[in-house]
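Open your viewer and get ready to select residues one by one. Each stop below tells you what to pick and what you will find there.

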Amino acid sequence: MDPDKALGVVGYVVLTVVLVYLVLSVMGIVKIPWATVGGFSMEPTLEAGTLVVLCPVPSNVTSLLGHVVVYDHYGEYIIHRVIGVYPSGDTYYIVTKGDANQVADPWETPVNQVYGAVCLGVQYIGLITLTLRKPPTLILAIVVLLVLWLVLDETEKRVNSRDAP
């Protein structure tokens, strides 16, 4: 196979995998090791639109105290700082608070609902995922990418046909 064609096929496969992964992650079907700050409760530490990369929850859950975590709260993910950790029965619970909030969150969260601790934050990159989280925008982005893909493919074919003897 021609190296240029092989590279094109690899590009199409990678683009398809990325699109499928993005769709599945936005739909909540695939758990992802990153999240996006969607509100202002963690300012000034983490601004809205910051993409955060998650590290696994440590086996010693008391070490989460003081760290920012991402956890599930009735189907929504929350990014807040752990201000308390306590055992109850056979599980541990965390108490959280947004850095910009005056009071702690009015609930305790079982540690098994914590996706991970924030290891790294990259400002503004998360704005893309915040935008794509809305179904109409996601559908539009997929359509635009597919049209761009087809146009580039057709352009490449025309250029190659002109260059052919």
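Start with Thr109, which sits in strand 6 (residues 108-110). Strands (E, at least two residues) and helices (H or I, at least four) are DSSP runs, numbered from the N terminus. This is a predicted model: local features need pLDDT of at least 70, side-chain atom pairs count only at pLDDT 80 or more, and totals for chains, interfaces and linings use all residues. Residues are numbered from 1 along each chain as its sequence is written, and side-chain values use heavy atoms, with hydrogens and water left out.

**Stay on Thr109.** Is Thr109 buried or exposed? Thr109 is buried, because its relative accessible area is 2%. Buried means under 20% relative accessible area, exposed over 50%, and partly exposed in between (1.4 Å probe, protein chains only). Now show the contacts of Thr109, leaving aside neighbours within four places in sequence: Tyr71, Asp72, Tyr92, Tyr93 and Ile94. Contact means heavy atoms within 4.5 Å. Pick the C-alpha atoms of Thr109 and Tyr92: they are 8.5 Å apart, and the two residues are 17 apart along the chain.

**Zoom out.** The chain has 3 helices and 7 strands. Trace them along the sequence and you read α-β-β-β-β-β-β-β-α-α. Of the 165 residues, 24% count as buried. Take the contacts between residues at least 6 apart in sequence: 52% of them join residues at least 24 apart.

**Select Thr50.** Thr50 is in the loop between strand 1 (34-36) and strand 2 (51-55). Thr50 counts as buried because its relative accessibility is 3%. Look for a polar atom of the Thr50 side chain: the backbone oxygen of Glu47 lies 2.7 Å from it. Beyond four places in sequence, Thr50 touches several residues, among them Ala35, Val37, Gly121 and Tyr124.

Select the peptide bond from Glu43 to Pro44: it is cis, with omega near 5°. Most residues other than glycine have a negative phi, and most peptide bonds are trans.

**Now check two tyrosines.** Tyr74 is not a glycine, yet has a positive phi of about 55°. Find Tyr74 in the loop between strand 3 (68-73) and strand 4 (76-88). Tyr74 counts as exposed because its relative accessibility is 77%. Tyr124 also has a positive phi, near 75°. Tyr124 lies in the loop between strand 7 and helix 2 (126-132). With a relative accessible area of 53%, Tyr124 is exposed.

**Show the cysteines.** How many disulfides does a search of the whole structure find? The search finds 1. A disulfide is a pair of cysteine sulfur atoms within 2.5 Å. Cys55 and Cys119 form it, with their sulfur atoms 1.4 Å apart. The pair links distant parts of the chain: Cys55 is in strand 2 and Cys119 in strand 7 (residues 114-122), 64 residues apart. Cys55 is partly exposed at 33% relative accessibility, and Cys119 is partly exposed at 38%.

**Last stop: a lining.** Select Tyr12, Leu15, Leu148, Trp149 and Leu152, which lie nearest the centre of the second largest pocket, lined by 10 residues. On a 1 Å grid over the protein atoms alone, a pocket is an open set of points where a 1.4 Å probe fits, with protein on both sides within 12 Å along at least five of seven lines; lining residues have an atom within 4 Å of a point. Helix 3 gives the most to this lining, with 6 residues.

Key
Polar contact = N/O pair within 3.5 Å; in protein donor to acceptor, adjacent residues only side chain to side chain.
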